[in-house]
Every structure is written in structure tokens, then in C-alpha cells.
Amino acid sequence: MSDYEVIIIGAGHAGIEAALASAHMGCKTLMLTFDINSIGRMSCNPSIGGVGKGQLVKEIDALGGEMARAADACGIQFRMLNASKGPAVHSSRAQIDMDRYSQYMKKLVIGAKGLEVRKAEVKKIIVKAGKVEGIVTDKGEEIFSSCVVICPGTFLDGLIHVGLKHSSGGRINEPAAQGLADNLKSFGFNLLRFKTGTCPRLDKETIDYSKLIVQNGDEPAAPFSFSTRSLPQKQVPCYITYTNKNTHKIILDNLDKSPLYSGIIKATGVRYCPSIEDKIVKFKDRERHQIFLEPQGLDTNEVYPNGISTSLPEDVQLKMIHSIEGLIDAKAIRFGYGIEHCVVEPTQFYPTLESKIVSGLYSAGQINGTTGYEEAAAQGLIAGINAALKIKGKEPLVLDRSTSYIGVLIDDLTTKGTNEPYRMFTSRVEYRLILREDNADARLSKIGYNLGLVSKESQKRIEDKIEAVKKGVCFLKSTRIKSFNGVSLKKDTTLEELLRRPEVKLADITNLGHKELDIPDFAIAEGIEIEVKYRGFIERQIKDVDKFKNLEKIKVPLGIDYAVIPSLSREVREKLNKFKPLNLGQASRISGITPAAISMLMVYLKKISHSKVGDV
């Protein structure tokens with residue numbers, strides 16, 4: 001008999017969302033962590049969101065996750081990125097008070113009904129007959145459970161590098177998880193090694209802000225969560241400075257002391273968030289690189305100089321810092337470091353994030369090859385939901401590429417895999433015009449509500465918003481005018497036709513005095529304007545989605561024997577057997593699977609489907 005129904009290994013962003021989802025869905029859940037005081041600790045930069053990442057946070061919120069509400073409760077600056085561009089790429093970002101965030105999450109997790117938190121290191125997963133039965137701790141204690149979700153972040157055989165020195169660790173001054181990686185290998189998992197890193201932390205009292213460019217947040221600031229009505233924290237500025245030729249010379253002169261360029265680090269690093277050493281070597285034509293100085297909180301002197309992630313020796317880091325405008329006298333409170341860690345090849349997992357090798361074993365976060373708080377939290381939420389659904393004997397939740405950024409993230413990982421740390425961008429999303437931040441609640445909250453993660457009151461508020469947008473658009477369609485801003489129109493024109501004009505905003509039409517358009521709720525007004533101005537593009541994208549879904553609807557039986565399908569090449573059969581796609585859509589996105597192979601597979605699936613009907 002199980003001690004628990006679901007066990008969560010790790011208390012970072014993935015572990016928190018997984019544990020809360022499982023517990024809130026009524027499963028007896030255990031969270032295991034090295035240090036209870038480190039729950040929700042932000043290992044790297046003090047921000048949440050960004051391009052592509054803000055969309056993930058909004059979707060987590062719409063499904064009933066916690067990250068967006070925590071960001072609102074602990075945020076100290078809010079900005080909308082890409083605000084001058086179209087709504088498809090609008091992305092929220094918030095600076096976070098790191099200590100408050102960790103305290104918020106710790107209080108939430110410890111107080112969650114049905115969730116127990118214990119301090120322990122997991123050494124082994126107990127597996128019998130291909131199914132999870134629990135875990136073994138470093139004390140030799142066996143704890144039984146039908147589902148286990150692994151969320152170890154960078155702790156899985158983590159190795160920290162500063163200059164030519166290295167030491168075992170999952171985060172600075174915190175131990176690595178030893179033994180679990182070998183345990184996973186013993187079950188047949190293929191493990192990779194990835195590398196990430198972090199920046200030094202500076203003392204704000206030693207920075208010359210008069211030499212820096214100030215960057216304030218938005219006014220008024222827009223919260224992350226659809227349920228947040230006000231932002232409690234004081235808003236503070238960030239600052240911008242740049243590297244220079246002297247900075248670059250210091251780095252180049254000391255590359256022999258870099259673990260990345262001396263051959264000590266052999267793991268694959270983050271392409272889209274490289275170390276400063278990588279930037280200087282790979283972009284030699286650039287005379288400067290931006291550094292974004294982010295305060296780590298309201299009650300700390302620590303400042304995060306985003307843009308100079310490094311694993312150079314401490315003395316070189318200090319020379320580099322002192323070469324930068326505004327940082328000539330800056331004191332380093334902590335130095336940057338690089339970290340290598342184990343990754344389980346994500347194609348060994350279904351889109352539910354359950355392992356194809358061990359039933360009941362799920363993984364989420366950096367262990368799946370991603371980088372970033374938001375990517376981790378999104379995976380944790382889905383893994384926790386699906387572990388709970390498995391316990392309840394219900395159908396799993398799979399979000400496809402047409403439903404969400406989360407669907408794209410997980411589909412990319414489990415279908416295509418990744419040979420470098422994966423980061424979400426808007427450019428990865430084919431249907432981004434209909435997968436916007438502003439409509440994440442309309443797209444996903446019903447799913448969260450049906451799972452028991454979104455309250456009845458929240459769902460009612462979202463449905464009211466959807467209805468208000470529909471009514472607003474309907475009013476614009478049905479109302480005609482003869483003149484606008486004192487100028488006669490050539491013919492009677494509907495307000496909808498008027499709003500489609502690039503130079504006309506909804507606020508301009510609201511000023512005409514129609515009480516039906518007196519809309520104090522910005523989200524509703526924004527929804528109306530986007531719906532009207534982008535309707536043609538949205539309708540075309542919906543047609544594309546319909547074509548996409550036709551392939552997604554054709555299911556592939558798990559136990560299918562690809563060897564009996566005529567005309568499939570050996571390579572195609574091997575890849576289909578390896579990746580075990582759940583439908584033709586997933587099969588079509590596997591590298592090397594040709595359209596011709598999909599056509600053959602489709603014919604075969606129709607044939608066996610008809611034969612089964614004939615047998616009845």
C-alpha cells in the first residue's frame with residue numbers, strides 16, 4: 001500500500017507547480033527537498049517573464065498554477081516587452097524581490113492541504129515490472145508511491161566551475177544530487193550533459209548610477225495574473241550600461257583561465273543566453289554588449305548585472321566589472337559561476353511528461369533540457385496534473401501546438417528533442433496570433449476549472465470577460481455612423497469598419513459617446529480591439545489550425561508494429577519505434593519522417609481501423 005499517491009523530487013519552480021497541482025487535485029502528495037528554506041529560490045536572475053516566457057506564465061495562471069500570482073505579490077517592476085509591435089508578440093516581464101518570492105512560495109507550499117514537505121535527498125527510484133513504486137532516500141528510507149515527478153533543476157550530478165577550479169554542487173553553496181543519475185541510467189535512460197551559468201552580484205552602494213541609463217517600469221503597471229487587482233510592492237527602476245573594448249581585452253587575455261575555453265567544461269551551453277566569454281569570442285565585430293542592472297529586492301543591496309554571466313576566475317571577474325562604465329568602484333558580493341548538470345533526453349517521455357520507459361515516472365524542468373524558471377514551471381504544472389490524473393484513472397492532459405505555448409514547449413522537447421538548453425521564444429510558435437498573452441485565460445481556464453485548479457468565481461469572471469468582448473464586437477458591427485471627428489464619411493460606415501483602420505483606436509470611437517463602449521476594464525477593451533483589427537489574420541490562422549488538427553486527431557496505437565507496414569524504410573521504422581508518437585501530427589514532426597511515410601502510415605491506420613470495425 002502506498003505511503004503517498006504522488007512524490008515530487010525538488011522544490012524549485014517545476015517542483016512547486018507539480019506539487020501544488022497534485023495536492024489541489026486531491027492526491028496525497030509528498031515534496032522532498034535538500035533544504036526547506038530553499039523552496040522557490042531564484043537561482044539566477046531576479047525576473048519572471050520575457051519574450052515567449054511571459055506567455056508561458058500567463059498560461060500557467062490560466063490553468064490554475066501559481067507563478068503569476070507569486071510574481072504579482074513579489075514584483076518590484078513590471079514592463080510589457082514588444083509593446084510597439086503587434087499583440088502576437090507582446091510579452092510581460094517583471095522584476096522580482098527574490099527573498100519575498102521564496103518566502104511566498106515556501107509559505108504556500110507548507111500550508112497547502114494534502115501536501116507534506118520533507119528534507120531528504122532521493123538516491124533511487126523504486127521500479128518493479130516497469131512501474132514506479134516509490135523512492136529511497138539518502139538515509140535508506142523507502143517511501144512508496146504510484147507516481148514520482150523528478151524536478152531536480154541543475155542539481156542532478158551538478159558540477160560548479162569558477163576559473164579552472166570546480167566542485168560538486170547543484171547551486172552555489174548547495175550540494176548536488178548524487179547517485180540518482182546512475183539510477184536513471186540503470187533503467188535505460190539516455191543522459192546528456194548541459195551547461196548554464198550565472199552572473200556576479202554587485203553591491204548597489206558601490207555603483208555610480210549617474211553614469212547609467214535608467215529604465216523605469218510601465219505606468220500604470222499591468223499585473224501577470226488574470227486574478228490580480230492591485231500590485232502591493234513599491235516599483236523601482238533598473239539601469240543599463242555596456243561593456244567596452246577594455247572589457248573585451250580583459251576577457252580575451254584570460255581565456256586560458258576559462259573552463260569553457262580551456263576544455264574543462266565539455267557540456268553544451270545556452271545558445272540564446274551565452275556567457276560573456278562566448279559573446280566576446282563569437283561576436284568579435286561587436287564593440288559593446290548591453291548589461292542590464294536588476295535589483296534583487298527592496299531590502300537587499302545585491303544587484304544582478306544581467307549580460308555578464310561568467311565562469312572566469314574571481315580576480316578576472318573583478319577586473320572585468322571595474323572596466324565597465326558606472327562599475328569602476330563596484331564591489332562584488334558574490335561571483336559568477338558555470339554549472340554542468342545531467343539532462344534526461346526528453347524524447348524518452350510522452351507529451352504528458354510521463355516516461356516511455358518507466359510507467360508512473362514523470363520529469364519536469366531542466367532535467368528535460370530546458371533553461372529558465374518559466375519553462376520549468378510550465379512543465380511542472382503539466383507533470384503534476386498528469387500524475388494526479390493517472391492516480392485517478394482519468395485520461396491525461398495533452399496540450400498540442402495549436403492550444404498554447406506550453407503545448408509547443410512540450411511538443412518540441414518530446415517530439416524533436418534538444419541538443420542544447422531549450423529556451424522558449426515567440427518565433428517557435430506557429431499560431432502565435434491566436435496564442436496571445438491577453439487571451440490565455442479564454443483559451444485554457446476551462447481546462448483548469450475542470451481539473452479543479454481554477455475556482456468557480458474565477459471561471460465566472462473569465463466567462464463574463466469573453467462575453468463582454470463578444471458583445472462589444474457585435475455592437476461595433478451593428479452600429480453605423482455618417483461622420484467621424486467632424487468629417488463626413490463617403491458612406492454609412494460601421495464602427496467595426498472604422499476600427500479596422502490602422503490610425504483609429506477603440507479609445508477614439510469610445511469618445512463618440514456610445515455608452516455601450518464605456519468599458520473601464522482594459523482587458524475587455526484590448527480584447528475587442530484585437531478581435532476587430534486582426535480578424536482576417538486570425539481567421540486564416542484558425543484555418544491553418546484546423547488542418548493541423550486533422551493529423552493530430554489520427555491516433556497511433558501504442559503497441560503498433562511498424563515492421564508490418566509496407567514500404568516504410570528501416571530508418572523510419574526505427575525512429576517511430578524510438579519516439580512512439582501518439583498521433584500522426586507528432587509523427588510528422590519527428591526529424592527524418594517524410595510526408596510519404598506519413599501517408600503510408602495513415603493508409604495503414606485506416607486499414608486496421610476498418611478491419612477492427614469489421615470484426616465486431
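Predicted model: local features only at pLDDT ≥ 70, side-chain atom pairs only at ≥ 80, totals over all residues.
**Helix α12**

I started with α12, which covers residues 456-478. I checked its length: 23 residues at 1.5 Å a residue should span 33 Å, and the end C-alpha atoms are 33 Å apart, so the two agree. Then I looked up which residues of α12 are buried, and the list includes Ile-462, Val-469, Phe-475 and Leu-476. Lys-465 is on that list too. What do the buried residues of α12 pack against? I found α11, β22, α13, α14, α15 and α16.

**Salt bridges**

I got 32 salt bridges for the structure.

Glu-374 pairs with Lys-53, with 3.2 Å between the closest N and O atoms. This one links distant parts of the chain, since Glu-374 sits in α9 and Lys-53 in α2, 321 residues apart. Are the two partners buried or exposed? Glu-374 has 3% relative accessibility, so I count it as buried. Lys-53 comes out at 8%, so it is buried as well.

Next I looked at Glu-354 and Lys-390, whose side chains meet at 3.1 Å, N to O. Glu-354 is in the loop between β19 and β20, while Lys-390 is in α9, 36 residues apart. Glu-354 is buried at 12% relative accessibility, but Lys-390 is partly exposed at 35%.

Arg-401 lies in the loop between α9 and α10, and Asp-411 is in α10. Both are buried. I followed the shared partners from here and reached one network joining Arg-401, Asp-411, Asp-412, Lys-416, Glu-430, Glu-552 and Arg-589.

Key
Residues numbered from 1 in each chain as written. Heavy atoms only, no water. Helix = DSSP H or I, 4+ residues; strand = E, 2+ residues; numbered from the N terminus. Expected span 1.5 Å × (residues − 1). Buried < 20%, exposed > 50% of the residue type's maximum accessible area, 1.4 Å probe, protein only. Contact = heavy atoms within 4.5 Å. Salt bridge = Lys/Arg side-chain N within 4 Å of Asp/Glu carboxyl O.
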